[in-house]
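Here is a short briefing for a first look. Keep the structure open as you read.

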Amino acid sequence: MADSVTDTLSLFFLLISLGISLAIVVPLTGALTRFRANYNPKGLQLDAEGDAQPYTGPVVSTFFGMLKRVHRIEGWSGLYKGLMPTLATTVILTFVVVAAFQSNTIHKGGYSAPSSGPLGMLFYSLIMMVVALPSVVITYRAITTPHKLPYFQPIHALRVLLTPTERRRPWTIWLTPGLMASEASHIVYVVVILKTLRRLLLPALSKEGVPTLADFPPLQLSIYFALVILSTAILTPLEVISTRLAIQRNHAAPEYNSVVQETDGDAEELAEYAGAEEDVIGLRNEGDPYLGMIDCAKRIVEEEGYRTLYRAWWLTLLGGLGGAFA
């Protein structure tokens, strides 16, 4: 009887904690995703008649500016775009990891497996990335779509977020040009390089038990923090590229390869939604897709400038510094 009450209370507090976490994380994640996805070319655009015109889309230069813009245009419901796929993914992956590893420790947003060595950690992280990739794509698209999606009509929402090609051939999502490469590169860098350096410089953090101040030599701690700061220059572009590639929908016709865009067919099947008069962000033309991770990076620099690759870099830095003690 006592065990049953304890389990019930544990489940109750877990649900409360999950609810509070989502209430805080979802708006921040949504603003970050839109900020990095916002297409803001620095050159002139050609109109329907071929004349050069200055770009007139949204220009947002800061993370908090994007947060305010979302609230101003779409209100609180806009801030919580992506809530349902985030909730579903969190619940499903939590139960999968608990069942697979028989562990109550879930490292949300991290690249570590319970009680695993470096190779096991890397294998676990890559497998979880592959499993979770469709949910990442759906969540990012739910956040960036200008349409107001219904909370409790997932089929209806998926008809808006996924193209006919992606619904007919779901594996196309995994074949989105460059997406798995950018996600895997991020994971390999964090797991193989940063975590290996942490084991060498701060070995006490990789052992069981609570470390003491003596376990943090100032020199080694300073070197590790410096490496984390330098790593931000590598990880932030990968995160921006992953965001851009995740929202890039696949319209490939059967007779073409996966990056050739269909000109007909999709618009006829998209549901109509009431949208705001002003778009929160600008989205790149789907008829001219990124062809891969490297192509995405090059075209972002050419079209929008290298600063775009470092949008919200300080959030990546804070995540890296916090991850040092995870």
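Contact here means heavy atoms within 4.5 Å. By that test, leucine 93 touches Met128, Val131 and Ala132, leaving aside residues up to four places away in sequence. The model is predicted.

**Leucine 93**
- Leucine 93 lies in helix H3, residues 83-101.
- Leucine 93 and valine 131 are 38 residues apart in sequence. Their C-alpha atoms are 9.1 Å apart in space.

**Helices H4 and H7**
- Two packed helices are described by the angle between their axes and the distance between the axes.
- Helix H4 spans residues 118-144, and helix H7 spans residues 179-201. Their axes come within 10 Å and cross at roughly 150°.
- Angles over 145 degrees count as roughly antiparallel, so H4 is roughly antiparallel to H7.
- The crossing of H4 past H7 is right-handed.
- H4 contributes residues including Met121, Leu122 and Leu133 to the contact. Among those from H7 are Ala184, Ile187 and Arg199.
- By class, the H4 contact with H7 has 15 nonpolar, one polar and three charged residues.

- H7 has 23 residues, which should span 33 Å at 1.5 Å a residue. The end C-alpha atoms of H7 are 32 Å apart, which agrees.
- The buried residues of H7 include Leu179, Glu183, Ile187, Tyr189 and Leu201.
- The buried residues of H7 pack against H4, helix H8 (218-246), helix H10 (293-304) and helix H11 (313-323).

Technical notes: Residues are numbered from 1 along each chain as its sequence is written. This is a predicted model: local features need pLDDT of at least 70, side-chain atom pairs count only at pLDDT 80 or more; totals for chains, interfaces and linings use all residues. Side-chain values use heavy atoms; hydrogens and water are left out. Axes are lines fitted to C-alpha atoms, for helices over the stretch in contact, and angles run from 0 to 180 degrees between N-to-C directions. Helices (H or I, at least four residues) and strands (E, at least two) are DSSP runs, numbered from the N terminus. Angles under 35 degrees count as roughly parallel, over 145 as roughly antiparallel, 65 to 115 as roughly perpendicular and the rest as oblique. A crossing is left-handed if the near helix is turned anticlockwise from the far one by less than a right angle, and right-handed if clockwise. Ala, Val, Leu, Ile, Met, Phe, Trp, Tyr, Cys and Pro count as nonpolar, Asp, Glu, Lys and Arg as charged, and the others, Gly among them, as polar. The expected span of a helix is 1.5 Å times one less than its number of residues. Buried means under 20% relative accessible area, exposed over 50%, partly exposed in between (1.4 Å probe, protein chains only).
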